[in-house]
Amino acid sequence: MAGTSESEKRFRFVVVGGGIAGVTCAEQLALQFPSEDIALLTAAPLVKTVTNFRQVSKTLQDFSVEEQPASILEEKYPNLKVIHSAVKGLHAKQHVLQTENRQVFHYEKLCLCSGARPKLLIPDNPNVLGIRDTDSAQEFQKHLSKAKRMVVVGNGGIALELVYEVEGCEVIWAIKDKAIGNTFFDAGAAQFLIPSLEADKPEKALPCKRTRYTTASKDGSGELGSALGPDWHEGISLRGTEEVSHRVHVEYECEIKTIYSQREGLQTVRTNSTDIVYAHLTNGKTFGCDFIVSATGVVPNTEPFLHGNNFELADDRGLKVNEHMLTSVPDVYAAGDVCTAGWEPSALWQQMRLWTQARQMGWYAARCIVADVLEEPIELDFCFELFSHITKFFNYKVVLLGKFNAQGLGSNHELLVRCTKGHEYVKVVLSGGRMMGAILIGETDLEETFENLILNQMDLSSYGEELLNPNIDIEDYFD
Ligand code: FAD
């Protein structure tokens, strides 16, 4: 690095974003080019690092994530400089970035990993919260500790986890679909999970070996922090003021139409004298509550980079990247929640803005930058061959493989289901006799065998329903 003035610096490689994608990318670059200085610019004071990485099977990965001070990363990689400053502008033609504290960074290759932020129903209403980072989770906890009733809008992973974890506060859960957890499950799996919402939670959750946060508080400057991941609620109490364990009421096939701060003239279905805000749903019902959580998905954080540059954006507003994680702007790569895969995906993979994919994309983007600089060929990484995700919902282990919800298969598929109430739910998606995807809830021990069957696309027509016969040891069968 050769500094040209105090506020102007030159790095061959610059990565923006201290989340999983950015940190993984910067670490890889630091390893690959030990004699080059790499800059990691990030808006938040803490960075996320992957620890306890475990390859569960060919494509399933499990790991812990820790929020750490940047110095730990710098100690590990002496050629990696972490700069705590938000980027406010990009002049891609000149290969220059500007930060909020008036520093200018010249780069040769840039990787944007600025993540995404929650789509908020109403951006500036103090009683409508989104959960994204440590700060917003703490704000949520503050509201919850005084609440009797909250309305949750959204049906993805965050909403699912929230309604299950919250105790001592009635939850009105408004979802636009016919079944809960539509992003991850079908109606059958939803039915399997619903009783967990009605039962008291187990005294102590089973030990979970994934994420642990060292939650250091930020300075409240409103900076953009990294997205939380699984177990974001670990270490914070999710209790309202009531004595109940769970009280969840689901309103299906509706969204919020209007939010009122006054009760006057409203026919509320449920109300307390202490209600602060009223959610009027598209099904005509109005609920009074203490606050509303908007968990309706995320929007990629692209704004600081768009002005004056010619980025191609996808329909979901992500930076479109090709099979080398390169955006439409020369020398600018992107990875993680901020980007949208623009390549023709494998028949068994889809992008979902998840932790695992942020790590995989960050890692692969670095490999692509290396290949580009060294003028070497590189093929799309194997991890993009098969979608796979391991997580926990309602205290059950959940494994999702391939086209687990028959995504994109139209009517050209059949389903096999095995379900033991309170124990396990297994669903297999078949198309033309070949396994295309699976949902495994509970300790099924089927993930490796099913992953192999999906990857090798063996014709399973002759097995029929025997495939899920609990009396057959399927692992031995296909050995
Ligand atoms: P992020 O982690 O969001 O990191 C973005 C980084 O960019 C941050 O460091 C930020 O400070 C920085 N930044 C932003 N703008 C700028 C700027 N202008 N200049 C400089 N730096 C900037 N995934 C799962 O797989 N499983 C789960 O169970 C799960 N649960 C979740 C629960 C919650 C509550 C949330 C919010 C998300 C959850 N996710 C889950 C999603 C997962 O956390 C994200 O997909 C993942 O963290 C994305 O990583 P990333 O590195 O792309 O972005």
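Buried here means under 20% relative accessible area, exposed means over 50%, and partly exposed is whatever falls in between, all with a 1.4 Å probe and protein chains only. What you're looking at is a predicted model, where local features need pLDDT of at least 70, side-chain atom pairs count only at pLDDT 80 or more, and totals for chains, interfaces and linings use all residues. Residues are numbered from 1 along each chain as its sequence is written, and side-chain values use heavy atoms, with hydrogens and water left out.

View 1. Helices (H or I, at least four residues) and strands (E, at least two) are DSSP runs, numbered from the N terminus. The C-alpha trace spans about 65 × 65 × 40 Å along its principal axes. Of the 479 residues, 55% are buried.

**View 2. Helix 7, residues 355–373.** This helix has 19 residues and runs 27 Å from its first C-alpha to its last, close to the 27 Å expected at 1.5 Å a residue. The expected span is 1.5 Å times one less than the number of residues. Since 16 of its 19 residues are buried, helix 7 is largely enclosed by the rest of the structure. Just after the helix, Glu375 takes a positive phi of about 55 degrees.

**View 3. Helix 8 (residues 447–456) and its buried residues.** Glu447, Thr449, Phe450, Glu451, Leu453 and Ile454 are the ones to look for, as they are buried. The buried residues of this helix pack against strand 26 (396–402), strand 28 (424–431), strand 29 (434–441) and helix 9 (474–477). Just past the helix sits Gln457, with a positive phi of about 50 degrees.

**View 4. Asp445, in the loop between strand 29 and helix 8.** Most residues other than glycine have a negative phi. Asp445 isn't a glycine, yet its phi is positive, at about 60 degrees. With a relative accessible area of 59%, Asp445 is exposed.

**View 5. Arg102, in the loop between strand 8 (96–99) and strand 9 (104–106).** Here's another residue other than glycine with a positive phi, near 65 degrees. Arg102 counts as exposed, at 70% relative accessibility.

Conventions: Contact = heavy atoms within 4.5 Å.
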